Amino acid sequence: MLDATPTTLVERKALRVNPAKTCQPIGAMYSALGIHGCLPHSHGSQGCCSYHRSHLTRHFREPIMAATSSFTEGTAVFGGGANLRQALKTIYQLYDPPVVAITTTCLSETIGDDIPTIIREATESGVIPDGKTVIHANTPSYVGCHITGWSNMTASMVKYLSERSGESRNQVNLIPGYVEPSDTRELKQMLATWGIDAVTFPDTSDVVDTPQTGHFQMYPQGGTTVEALKTTGDSLATIALGPEASTQAAIALEAKCQVPHHILDLPIGVAATDRLVQTLMEVTGTQPTDEIVNARGRLVDVMTDMQSYLYEKRVAIAGDPDQVVPLVEMLVTCGAKPVYVITGAESKYFRDRTQAILGETVPEAVIRDNEDLFYLHQLMKQEPVDLLISNVYGKYIARAEDVPFVRYGWPILDRVGHSYFPTLGYGGSLHLLCTIINTLLDRKDRDDADETFELVL
């Protein structure tokens with residue numbers, strides 16, 4: 001399908017081919033789902049809302065509920081205020097959610113709808129019933145990407161809901177970043193095992209991976225409650241994982257409630273997870289349990305046993321900056337050589353951290369942010385790699401170049417299980433590492449001659 005991709009690199013500023021990112025409202029909608037009882041609301045056309053819902057549904061294979069202001073041609077001229085007020089009336093008459101999280105779109109941003117004023121007037125006029133919560137985030141699709149939208153909505157949770165009572169709580173705030181629900185569950189399990197009380201927000205576990213019980217639940221049992229979000233202003237500290245996704249909320253919480261924050265890489269691999277554990281030790285003054293220490297030991301053991309299969313392997317990686325940076329670090333630790341590393345987002349963090357990791361170990365590495373998968377394909381055609389790691393859109397490149405392929409990141413639309421198995425923490429990193437190694441071993445089995453086709457490797 002992509003066999004005609006040219007090898008000649010041409011600098012492009014106004015054209016993206018096979019983009020390595022999606023738009024802001026999708027990320028904001030995913031973040032909003034991490035509030036218990038929240039109905040996301042897209043302030044724009046029906047088409048925008050349908051696209052955002054369908055993309056999330058295809059990735060998580062769960063029905064995603066969301067409402068829309070249902071813009072028409074007239075709305076583009078006269079503004080969307082009336083549509084939003086009518087939408088809120090309908091939402092509370094039919095669905096009665098505890099929380100509504102409004103995200104804007106390109107059209108509503110271009111019109112210039114003043115969402116905070118509309119919310120205030122709707123509250124004063126009784127359109128929004130007493131005791132109900134409505135928050136919003138500005139998420140124009142022509143700026144940033146899905147990570148930006150996730151960041152904006154998470155920061156809005158702080159701006160609308162966090163409070164400081166003056167009485168400190170012996171708890172930490174954990175902002176997990178744009179990750180799978182299984183990752184959030186893994187982090188919560190680690191903190192619970194450690195005995196650390198935490199408010200994790202947003203928490204999409206048990207929301208987009210709910211069990212089949214035979215009974216429909218409009219608002220699943222998961223998600224961070226509004227009551228818990230209000231207490232985040234009294235916590236000991238905020239630990240924000242993934243600088244691009246979580247920094248904005250952590251800074252907003254410190255500015256509003258004076259809660260100190262720590263910004264860390266996503267805990268992928270031993271080194272990044274060690275930094276999270278060390279930070280938790282310093283914040284809480286406690287030591288990790290034997291269970292956590294043993295999980296670390298199992299990850300190190302597999303890295304040691306299987307290092308020969310990753311050593312000197314040339315790897316191409318594309319994905320979100322928060323996920324790619326620690327993944328590159330883990331692969332380098334295992335002896336691999338990430339030679340092409342790109343992200344679709346514009347990210348100074350990505351450029352600086354990846355360069356710091358690869359600068360001495362893989363000096364020939366090509367590191368580019370704000371790029372597309374077409375560019376990555378051209379690089380791979382010029383000088384091949386042994387492995388490609390990216391979201392589902394990399395499958396076309398892998399097929400064209402006959403390269404082993406590991407699906408990782410957002411979105412994955414053609415496989416199952418990715419939202420159920422974590423890739424964060426010691427346990428999640430072990431799962432991710434085994435997936436990578438087994439993909440290489442599958443290729444080895446396919447390519448081996450009969451005399452080297454072994455049962456035990």
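This is a predicted model: local features need pLDDT of at least 70, side-chain atom pairs count only at pLDDT 80 or more; totals for chains, interfaces and linings use all residues.
Residues are numbered from 1 along each chain as its sequence is written, and side-chain values use heavy atoms, with hydrogens and water left out.

Helices and strands are DSSP runs numbered from the N terminus (H or I over at least four residues for helices, E over at least two for strands), and two strands count as paired if DSSP finds at least two bridges between them. On this basis, β7 and β8 belong to an open sheet of four strands with parallel pairing, in the order β6-β5-β7-β8. Its edge strands are β6 and β8 (261-264), each of which pairs on one side only. Neighbouring strands are turned by 20° against each other on average, direction ignored; here axes are lines fitted to C-alpha atoms, for helices over the stretch in contact, and angles run from 0 to 180 degrees between N-to-C directions.

Strand β5 (residues 172-175) pairs with β6 (residues 198-200) in the parallel sense over three bridges, and Val-172 stands opposite Ala-198 in β6. Towards β7 (residues 237-241), β5 forms four bridges, also in the parallel sense, with Thr-238 as the bridge partner of Asn-173. Thr-238 in turn has His-261 as its bridge partner in β8. Both faces of β5 are covered: Val-172 and Leu-174 on one side, and Asn-173 and Ile-175 on the other, are all buried. Buried means under 20% relative accessible area, exposed over 50%, and partly exposed in between (1.4 Å probe, protein chains only).

From β5 the chain passes through helix α8 (residues 181-194) to β6 in a right-handed β-α-β crossover; that is, with the strands pointing away from the viewer, the path from the first strand over the helix to the second runs clockwise. Helix α8 lies across β5, β6 and β7 and runs at about 175° to β6. Among the buried residues of α8 are Leu-187, Met-190, Leu-191 and Trp-194. Just after this helix, Gly-195 takes a positive phi of about 90°.

Helix α10 (residues 243-257) has 15 residues and reaches 20 Å from its first C-alpha to its last, close to the 21 Å expected. Its buried residues include Pro-243, Ala-249, Leu-253 and Cys-257. The buried residues of α10 pack against α7 (146-161), β5, β7, β8, α14 (321-333) and α15 (348-358), with contact meaning heavy atoms within 4.5 Å.

Finally, the cysteines were examined for disulfides, defined as pairs of cysteine sulfur atoms within 2.5 Å. The count comes to zero. For Cys-23, the nearest cysteine sulfur is that of Cys-106, 7.1 Å away; at 15% relative accessibility, Cys-23 counts as buried. Cys-48 is likewise in no disulfide, its nearest cysteine sulfur being that of Cys-106 at 6.5 Å. With 27% relative accessibility, Cys-48 counts as partly exposed.

How values were computed:
The expected span of a helix is 1.5 Å times one less than its number of residues.
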